[in-house]
Amino acid sequence: MKKPVICVAGSANMDLVTTVQRMPMAGETIHGNAFQTYFGGKGANQAVMAAKLGGEVWMIAKIGEDTFGKDYMKNFTACGLNTSCVYTTKEASTGIAAITVQENGQNAIIVVGGANLSFSEEEIEKAAAAIRKADVLVCQNEINLNATLRFLQIARMYGVPTIFNPAPAEDFPDEIYRLCDYFCPNESEAAHIVGFPVKTIEDVKRAGKDFLSRGVKNVIITLGSKGSLLMSEGKTVLVETEKVTAVDTTGAGDAFIGTVAYFIASGIPVEEAMKKASHAAALSVQKRGAQKSFPTYAECGF
């Protein structure tokens, strides 16, 4: 059976993770419980998740020619990703994410984009060959937006289905929405974009209709412990998830999207892909870190 081919154009960050009992107040200094570094970045996380499930994954990314960048390239190789379109630069550092995790598993994240934000036009166009081979293209908003827009345009030109995770959320150009086969925000990202609170299921449906009116083909809004909601013209499906005790929610959304991408690329219905993705994400939050917490195909029991 042919492996599904997933192309991920996105960020590669080193996660600098501090665990605390509670978040500090403004101007306050508190003691942390522990500190660790992990490989992260939404793009790389989603790519590694798809690779752990057995996909042929092509990573389009940019890293610095520094210690973090060298370590990251080794990590990509170890995870089985194709790195033909992983570019390097001396002009910027490898991206980092400073993550603070509370004892209850909730987190706060500050991202410094660094090399992620420095794709050149030449590098973008060089990646077209990788996108053309893919069964699906996955993008997020942690690299320069003009690069993301161009990657989505290339995918549309070649008839490759697109998944866009609008994180961090901002006011995107109208064309972004029209290029999305699957638009995948969480509740807070959806609220930021539509401009009203997204807390109840009715709020989620209202946001979904808003995104569809902008030209998105399918909307998948992740709802944490409440599951996820799929909306397209004439269809609304709530996919529930299992209840687990979260140790660290870092990367859970990436585990979800990487899994959805793998199974959409495999050709199964999106509702089934979402069910499997919810299970993978539920497994991931029971371990610390992002990529290290991601389960393999066998561990998922698929």
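# A tour of the predicted model

Helix H7, residues 187–194, is mostly covered, with six of its eight residues buried. The model you have open is a predicted one. Residue numbers start from 1 along each chain.

**Stop 1: helix H7**

Select residues 187–194 and show the side chains of H7. Which residues of H7 are buried? They are Glu187, Glu189, Ala190, Ala191, Ile193 and Val194. The buried residues of H7 pack against helix H6 (174–178), strand S10 (182–183), helix H8 (201–213) and strand S11 (218–222). Just after H7 comes glycine 195, which takes a positive phi of about 85°.

**Stop 2: threonine 222**

Stay with strand S11, and select threonine 222, which lies in that strand. Threonine 222 has a relative accessible area of 18%. The cut-off for buried is under 20%, so threonine 222 counts as buried. Not counting residues up to four places away in sequence, threonine 222 touches Pro185, Asn186, Glu187, Gly227, Ser228 and Phe256. One of these, Glu187, is among the buried residues of H7, and another, Ser228, is in the next strand on the tour.

**Stop 3**

Select residues 228–232, which form strand S12. This strand is mostly covered: five of its five residues are buried. Which side chains point which way from S12? Ser228, Leu230 and Ser232 point one way, and Leu229 and Met231 point the other way.

Next, show the backbone. Strands of a sheet pair through backbone hydrogen bonds, either parallel or antiparallel. S11 and S12 run antiparallel and are joined by five bridges. Across this pair, asparagine 218 stands opposite serine 232 in S12. The hairpin of S11 and S12 has five residues between the strands, and glycine 224 there takes a positive phi near 60°.

Then turn to strand S13. Five bridges join S12 to S13, and these strands also run antiparallel. Leucine 229 stands opposite leucine 238 in S13. The hairpin of S12 and S13 has two residues between the strands, and its glycine 234 takes a positive phi near 80°.

**Stop 4: the whole sheet**

Zoom out to see where these strands belong. An open sheet of nine strands has the order S5-S4-S1-S8-S9-S10-S11-S12-S13, and its pairing is mixed. Which strands are at the edges? Strand S5 (82–89) and strand S13 (235–239) are the edge strands, and each pairs on one side only.

Select strand S1 (residues 5–9) together with strand S8 (residues 136–139). This pair is parallel and has four bridges. Within the pair, isoleucine 6 has valine 136 in S8 as its bridge partner.

**Stop 5: asparagine 13**

Go to asparagine 13, in strand S2 (residues 13–20). Is asparagine 13 buried or exposed? Asparagine 13 is buried, because its relative accessible area is 1%. Leaving aside neighbours within four places in sequence, the contacts of asparagine 13 include Tyr38, Phe39, Tyr72, Ile96, Val111 and Glu142.

**Stop 6: proline 24**

Proline 24 is in the loop between S2 and strand S3 (34–40). Proline 24 counts as partly exposed, at 41% relative accessibility.

**Stop 7: glycine 251 and the helix pair**

Select glycine 251, in the loop between S13 and H9. Glycine 251 is buried, with a relative accessible area of 12%. Apart from neighbours within four places in sequence, glycine 251 is in contact with Ala290 and Phe294.

Finish with helix H9 (residues 252–266) and helix H10 (residues 270–284). Two packed helices are described by the angle between their axes and the distance between the axes. For H9 and H10 the angle is about 145° and the axes are 8 Å apart. H9 passes H10 in a right-handed crossing. Where they meet, the H9 residues include Ala252, Phe256 and Phe263, and the H10 residues include Val270, Met274 and Lys276. By class, this contact has twelve nonpolar, three polar and one charged residues.

Key
This is a predicted model: local features need pLDDT of at least 70, side-chain atom pairs count only at pLDDT 80 or more; totals for chains, interfaces and linings use all residues. Side-chain values use heavy atoms; hydrogens and water are left out. Buried means under 20% relative accessible area, exposed over 50%, partly exposed in between (1.4 Å probe, protein chains only). Contact means heavy atoms within 4.5 Å. Axes are lines fitted to C-alpha atoms, for helices over the stretch in contact, and angles run from 0 to 180 degrees between N-to-C directions. A crossing is left-handed if the near helix is turned anticlockwise from the far one by less than a right angle, and right-handed if clockwise. Ala, Val, Leu, Ile, Met, Phe, Trp, Tyr, Cys and Pro count as nonpolar, Asp, Glu, Lys and Arg as charged, and the others, Gly among them, as polar. Two strands pair if DSSP finds at least two bridges between them.
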